[in-house]
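Me: I have a model open and want to learn how to read it. Please take me through its features one at a time.

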Amino acid sequence: MVDTLPRCHEGDLLDSLTLSCGLCLPRHLRYRSAALPIVVSAARSGRPPPIRSHPMAVMSAMPIPNSFLAQHCQRNWQSNTKSSSVLFALDIPSTRPFQVWKLAWTGMSAMQSHIISMRGISSGKPTSNMCNAAQGTNAVSSVEKVDFLKLQNGSDIRGVAVAGVEGEPVNLTEPVAEAIAAAFAAWLLERKNPNESRRLRVSIGHDSRISAKKLQDAVSRGLAGAGLDVIQYGLASTPAMFNSTLTVDETFFCPVDGSIMITASHLPYNRNGFKFFTNAGGLGKPDIKDILVRAANICAKFSDASVKESIQSANATVKKVDYMAVYTSDLVAAVRKAAGNTEKPLEGFHIVVDAGNGAGGFFAGKVLEPLGAITTGSQFLEPDGMFPNHIPNPEDIVAMKAITKAVHENKADLGIIFDTDVDRSAAVDSSGREFNRNRLIALMSAIVLEEHPGTTVVTDSVTSDGLTMFIEKKLGGKHHRFKRGYKNVIDEAILLNSIGEESHLAIETSGHGALKENNWLDDGAYLMVKLLNKLASSKASGSSSGSSILTNLVEGLEEPAVAVELRLKIDQNHPDLKGRSFRDYGEAVLKHLENKVASDANLKKAPINYEGVRVSGYGGWFLLRLSLHDPVLPLNIEAPSNEDAVTLALAVLAAVKEFFALDTSALDKFVQ
């Protein structure tokens with residue numbers, strides 16, 4: 001519990017990002033025990049001037065440069081005999097100079113080496129994962145001890161960027177973002193080995209989140225300060241950012257050497273994060289960890305001089321272009337090509353789009369309308385980072401009801417819905433039938449297997465047995481069920497191809513889908529283009545019957561009467577953990593369940609399984625697995641009846657009931 005946060009003259013908590021008070025941070029803010037550790041300095045040199053604010057002040061107030069406190073930053077070495085970790089802290093009265101680590105990277109230009117050394121970027125082993133990213137004025141100083149590794153979310157970075165939600169302290173500040181960008185620059189410089197005559201280029205885009213622009217500016221400073229050219233795209237989609245590493249067009253400064261998308265997918269308005277790309281694809285988990293370790297070191301060495309230099313560098317090197325025009329024109333060209341180079345292959349089709357106030361509003365006016373489609377009735381196309389209408393998430397029930405309603409009310413042929421950054425999507429046919437989760441995978445599998453007979457379709461672990469039957473028996477393909485996580489699925493498809501097993505589609509039930517023909521980019525817009533291609537080619541051949549051409553492709557897909565996901569949380573403070581991590585405890589639960597299943601003649605463990613424990617029985621199946629990032633064991637059950645589903649749930653409950661740190665209340669409620 002932290003109760004030493006700096007306060008304004010009225011006693012309200014001060015937001016360390018903007019020094020605003022009032023509703024920007026609620027009074028009596030309390031931090032959950034599981035929240036990011038925070039160390040707060042109550043050092044003050046005087047009372048702040050009167051401040052008035054409102055909930056939006058976090059966006060409108062003038063940010064305080066980090067240079068004030070950064071110039072006093074010193075390294076306080078606190079050795080730990082086991083980990084040799086070093087914690088960095090701010091010592092306000094101190095003027096002890098920074099110690100800059102010398103770099104000697106092979107192939108780096110003298111100019112870049114000089115800039116990097118000024119920034120204090122290290123390519124060596126980490127000294128600590130912690131950094132005090134502080135901002136303040138001469139009236140109030142606050143220190144946030146940010147554990148950079150806790151910002152990792154698989155192959156992405158995610159954190160809290162906007163204050164105002166109780167129990168969710170801001171940990172993705174501008175200094176943190178600047179340090180992460182500088183770390184990515186260092187990572188990129190090591191791998192690209194630029195020569196003296198050419199500076200590396202990195203593109204930056206963002207979705208509609210309210211913290212996007214301030215983070216874009218911070219990221220630009222981090223990149224420019226490391227000697228890289230920065231190309232800002234503004235509002236963009238995640239797929240477009242990867243695409244910018246492949247496009248060859250100097251008019252748009254392409255190809256770029258690396259790309260950063262500022263997004264937190266469908267998470268609430270106060271969150272944000274980063275995705276990173278090179279022309280080899282999205283960065284993986286080890287790369288993200290590497291970058292975050294570097295960022296902690298960089299953040300601890302920010303100086304007043306380096307901050308000023310990065311601002312000057314950013315002003316000199318940042319360029320702005322409308323890359324989305326390139327990306328959308330490629331999508332349009334793909335549909336026209338599928339229809340025999342017809343200018344308006346979708347003429348006569350009525351297609352509505354729901355962008356959920358994210359970044360996908362471009363699809364109606366920049367893709368569908370140039371192809372001749374009618375788009376009246378499209379909704380929530382305007383970017384609004386508060387997401388006032390519904391969560392931009394193709395898995396969300398409310399979101400899917402919204403696009404279904406729009407299809408019915410406008411008598412449309414097809415409805416299309418995107419998540420916030422357009423790397424996921426789903427569709428609805430004219431009858432209101434949803435194409436998401438297993439049904440979207442079945443539809444995409446049917447399209448891809450027409451083009452590539454016998455190919456392997458890679459999916460995540462929670463896909464249904466009915467989908468396997470559909471792909472293998474109806475379509476003549478092979479279903480390779482792998483792990484959760486879109487990067488896991490994509491990487492597995494790439495691996496299969498490398499060892500001689502042809503795969504052209506990698507797709508998750510979440511709506512992430514990637515095709516070999518599209519450079520294995522998980523692109524929600526391109527998935528929808530594949531559906532449009534089918535409509536356009538059908539119309540061109542004279543056999544068009546609206547969206548029923550898509551509906552007919554999934555005929556024969558067996559779908560369960562009952563499909564449910566329950567989340568069993570692990571209490572990390574429960575004595576039953578006995579000092580173990582939640583991951584070790586979860587693995588123990590899975591091992592015990594596996595042993596119990598082996599002794600039950602009515603249950604059969606899946607012979608090939610890559611994640612958790614998957615079991616068939618009573619006409620259905622269940623999968624209990626450990627969450628990729630959280631202390632949770634998700635349980636998926638599919639069955640032909642409620643009775644069968646309950647029977648499967650009881651089998652799981654009987655096996656896990658002796659694990660007292662496991663919250664089985666959701667499972668208890670289901671069986672009752």
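Me: Is R191 buried, partly exposed or exposed, and at what relative accessibility?

Reply: Start with the scale. Buried means under 20% relative accessible area, exposed means over 50%, and partly exposed lies in between (1.4 Å probe, protein chains only). R191 has 41% relative accessibility, so R191 counts as partly exposed. Two notes on the basis. This is a predicted model: local features need pLDDT of at least 70, side-chain atom pairs count only at pLDDT 80 or more, and totals for chains, interfaces and linings use all residues. Residues are numbered from 1 along each chain as its sequence is written, and side-chain values use heavy atoms, with hydrogens and water left out.

Me: Which residue forms a salt bridge with R191?

Reply: A salt bridge here is a side-chain nitrogen of Lys or Arg within 4 Å of a carboxyl oxygen of Asp or Glu. The partner of R191 is E190, with the closest N and O atoms 3.5 Å apart. E190 has a relative accessible area of 26%, so E190 is partly exposed. The pair also belongs to a network: salt bridges link E190, R191, D290 and R294.

Me: How many salt bridges does a search of the whole structure find?

Reply: The search finds 31. Take two more of them. In one, R209 joins D207, with the closest N and O atoms 3.4 Å apart. Both R209 and D207 are buried. In the other, K534 joins E450, and the closest N and O atoms are 2.6 Å apart. That pair links distant parts of the chain, 84 residues apart: K534 lies in helix α15 (residues 524-540) and E450 in helix α12 (residues 437-451). Helices (H or I, at least four residues) and strands (E, at least two) are DSSP runs, numbered from the N terminus.

Me: Are K534 and E450 buried or exposed, or in between?

Reply: They fall in separate classes. K534 is buried, because its relative accessible area is 17%. E450 is at 47% relative accessibility, so E450 counts as partly exposed.

Me: How many disulfides are there?

Reply: A disulfide is a pair of cysteine sulfur atoms within 2.5 Å. The whole-structure search finds zero. As for cysteines, C254 counts as buried because its relative accessibility is 1%. C299 is buried too, with a relative accessible area of 4%.

Me: Which residues have the most contacts inside the largest nonpolar core?

Reply: A nonpolar core is a set of buried Ala, Val, Leu, Ile, Met, Phe, Trp, Tyr and Cys residues joined through side-chain atoms within 4.5 Å. The largest has 69 residues, and those with the most contacts inside it are Y233, L331, L346, I351, F363, M528 and L532. A second, separate core has 46 residues, including L151, L189, L223 and A224.

Me: What does I351 touch?

Reply: Contact means heavy atoms within 4.5 Å. Beyond residues up to four places away in sequence, I351 touches several residues, among them L346, L368, L414, I416 and L532.

Me: What is the strand order in the open sheet?

Reply: Two strands pair if DSSP finds at least two bridges between them. The order of this four-stranded sheet is β15-β16-β17-β18, with mixed pairing. The edge strands, β15 (351-354) and β18 (434-435), each pair on one side only. Strands β16 (residues 414-418) and β17 (residues 425-429) pair in the antiparallel sense over five bridges. There, G415 stands opposite V428 in β17.

Me: Where is T551, and which residues are in contact with it?

Reply: T551 sits in helix α16 (residues 548-553). Leaving aside neighbours within four places in sequence, T551 contacts D429, R433 and F435. At 18% relative accessibility, T551 counts as buried.
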